[in-house]
Every structure is written in C-alpha cells, then in structure tokens.
Amino acid sequence: MIQLAADGPQSPLLPVWPEIVIGLICIGVVYLAFHKKLLPAINKALDERREAIEGGMEKAEAVQAEARQTLEEYRAQLADARRDASRLRQEAQEQGATLIAEMREEGQRQREEIIAAGHAQISAERQQAAEALRQDVGKIATDLAGRLVGESLEDHARQSRTIDRFLDDLEEKAEAGR
C-alpha cells in the first residue's frame with residue numbers, strides 16, 4: 001500500500017491500519033456471503049443427509065423387525081408342521097398295526113374255516129366210503145354165504161338185516177380191540 005514518507009520506516013511487527021480495515025471488510029463480506037448463501041445450503045444438505053441416514057436406519061430397523069417376525073412365524077409354522085408330521089406318522093403306524101392285526105385275525109379265521117371244511121369233507125367222504133364199503137362187503141358176504149349155504153339169499157330185506165348185523169358185530173369187535 002501507500003506509505004507516507006513522513007511516517008518513517010514502518011516496523012514489520014506493527015500492522016498497517018488501512019490493510020487491517022480492508023482485510024476486515026473483506027472477511028466481513030466473505031462471512032456474510034458464507035452465512036447467507038453457503039451456510040444454509042450446507043446445513044440443508046447436512047440435514048437431508050442426516051434425515052436420509054436416520055430414515056435409512058429406521059427403515060433398516062423396521063425391515064429387521066419384520067424379518068425377525070417373519071422368522072418367528074416361519075419357526076412356528078415349521079414346529080407345527082413337524083408336530084403334524086409326527087402325529088401323522090404315529091397315526092399311520094397305529095393304523096398299520098391295526099391293519100396287520102385285522103389281517104392276521106382274518107387269515108386265522110379263514111384258515112380255521114378251511115380246516116373245518118376239510119374235516120367236514122373228510123368226514124362226509126369217510127361216511128360215503130364206509131357206506132359204499134358196507135354195501136360192497138354186504139353183497140360179497142351175501143354171495144359168499146349163499147354159496148356156503150347152497151341156497152339163494154336173494155330176499156333183500158333179509159339180506160340187509162344180515163349184512164347190518166354182521167357189520168355191527170365187526171365194528172363192536174374193532175372198538176373192543178382198541
């Protein structure tokens with residue numbers, strides 16, 4: 001700046017007042033411009049950023065809470081499904097055991113029916129065989145007796161009585177021998 005010669009040499013430690021005043025005015029202008037224009041824009045950007053961060057955190061917390069709730073619901077559904085599966089498995093085992101028992105009973109009943117039918121058939125065939133044998137033995141015995149006696153034993157009623165008496169005697173002897 002401009003220095004007056006009358007003032008003498010200026011000390012480097014002492015400031016020049018016109019420079020200080022001009023510096024203060026410039027700082028004031030910069031401060032006012034900064035305070036009026038830049039500071040509100042910076043504060044607005046910072047507020048928006050803070051709101052975005054806080055909103056993001058709130059959203060993240062909400063999403064996390066929803067995820068926890070969904071996880072708990074999933075776990076509850078999974079536990080219910082496991083209980084249902086266990087119950088169904090138990091019911092199936094019980095039904096299987098009941099079905100096996102019923103099938104065994106049915107098989108036993110059918111086996112007993114088959115055995116009873118077989119015994120009845122054997123008894124009927126034995127009786128038929130005994131009757132056929134009785135008739136055959138009776139006829140042979142009558143023929144043999146007729147040959148021995150020398151006369152005909154053709155009278156059917158007499159022949160039947162003789163045969164029956166003969167066979168009854170044989171049965172009595174057989175039972176006594178046992």
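This is a predicted model: local features need pLDDT of at least 70, side-chain atom pairs count only at pLDDT 80 or more; totals for chains, interfaces and linings use all residues.

Visitor: How many helices and how many strands does the protein chain have?

Guide: The protein chain has 2 helices and 0 strands. Helix α1 covers residues 17-149, and helix α2 covers residues 156-177.

Visitor: What percentage of the residues in the protein chain is buried?

Guide: A residue counts as buried when its relative accessible area is under 20%. Of the 178 residues in the protein chain, 3% are buried. The accessible surface of the chain amounts to about 15,900 Å², and carbon and sulfur atoms contribute 59% of that surface.

Visitor: Which residues form a nonpolar patch on the surface?

Guide: The patch consists of Phe34, Leu38, Ile42 and Leu46, and together they have about 350 Å² of accessible area. Leu38, one of these residues, lies in helix α1.

Visitor: Which residues form a negative surface patch?

Guide: That patch is made by Glu48, Glu51, Glu54, Glu58 and Glu61. Among them, Glu61 is found in helix α1. Exposed means over 50% relative accessible area, and Glu61 is exposed because its value is 51%.

Visitor: How many salt bridges does the structure hold?

Guide: To read a salt bridge, one looks for a side-chain nitrogen of Lys or Arg within 4 Å of a carboxyl oxygen of Asp or Glu. The structure holds 7 salt bridges. One of them joins the side chains of Arg75 and Glu72, with an N to O distance of 3.7 Å.

Visitor: Where do Arg75 and Glu72 lie, and how many residues apart are they?

Guide: Both Arg75 and Glu72 lie in helix α1, and they are 3 residues apart, about one turn of the helix. Arg75 is partly exposed at a relative accessible area of 47%, and Glu72 is also partly exposed, at 48%.

Visitor: Which residue forms a salt bridge with Arg87?

Guide: The partner is Asp84, and the closest N and O atoms of the pair are 3.8 Å apart. Arg87 and Asp84 both belong to helix α1, where 3 residues, about one turn of the helix, separate them. The relative accessibility of Arg87 is 42%, so Arg87 counts as partly exposed. Asp84, at 38%, is likewise partly exposed.

Visitor: What is the N to O distance in the salt bridge of Glu106 and Arg109?

Guide: The side chains of Glu106 and Arg109 meet at 2.3 Å, N to O. This pair, too, lies in helix α1 with a spacing of 3 residues, about one turn of the helix. Glu106 is partly exposed with a relative accessible area of 30%, and Arg109 is partly exposed at 36%. Salt bridges can also share partners: in this way Asp84, Arg87 and Glu91 are joined into one network.

Visitor: How far apart are Phe166 and Ala141 in sequence and in space?

Guide: Two separations may be read for such a pair, one along the sequence and one through space. Phe166 and Ala141 are 25 residues apart in sequence, and their C-alpha atoms are 9.0 Å apart in space. Phe166 has its place in helix α2. With a relative accessible area of 41%, Phe166 is partly exposed.

Key
Residues are numbered from 1 along each chain as its sequence is written. Side-chain values use heavy atoms; hydrogens and water are left out. Patches are made of residues with over 30% relative accessible area and no salt bridge: like charges are joined within 9 Å, nonpolar side chains (Val, Leu, Ile, Met, Phe, Trp, Tyr) within 5 Å. Accessible areas come from the Shrake-Rupley method with a 1.4 Å probe; for residues, only the protein chains shown count as cover. Helices (H or I, at least four residues) and strands (E, at least two) are DSSP runs, numbered from the N terminus. Buried means under 20% relative accessible area, exposed over 50%, partly exposed in between (1.4 Å probe, protein chains only). Lys and Arg count as positive and Asp and Glu as negative; His and the chain ends are not counted. The place of a charge is taken as NZ of Lys, CZ of Arg, CG of Asp or CD of Glu.
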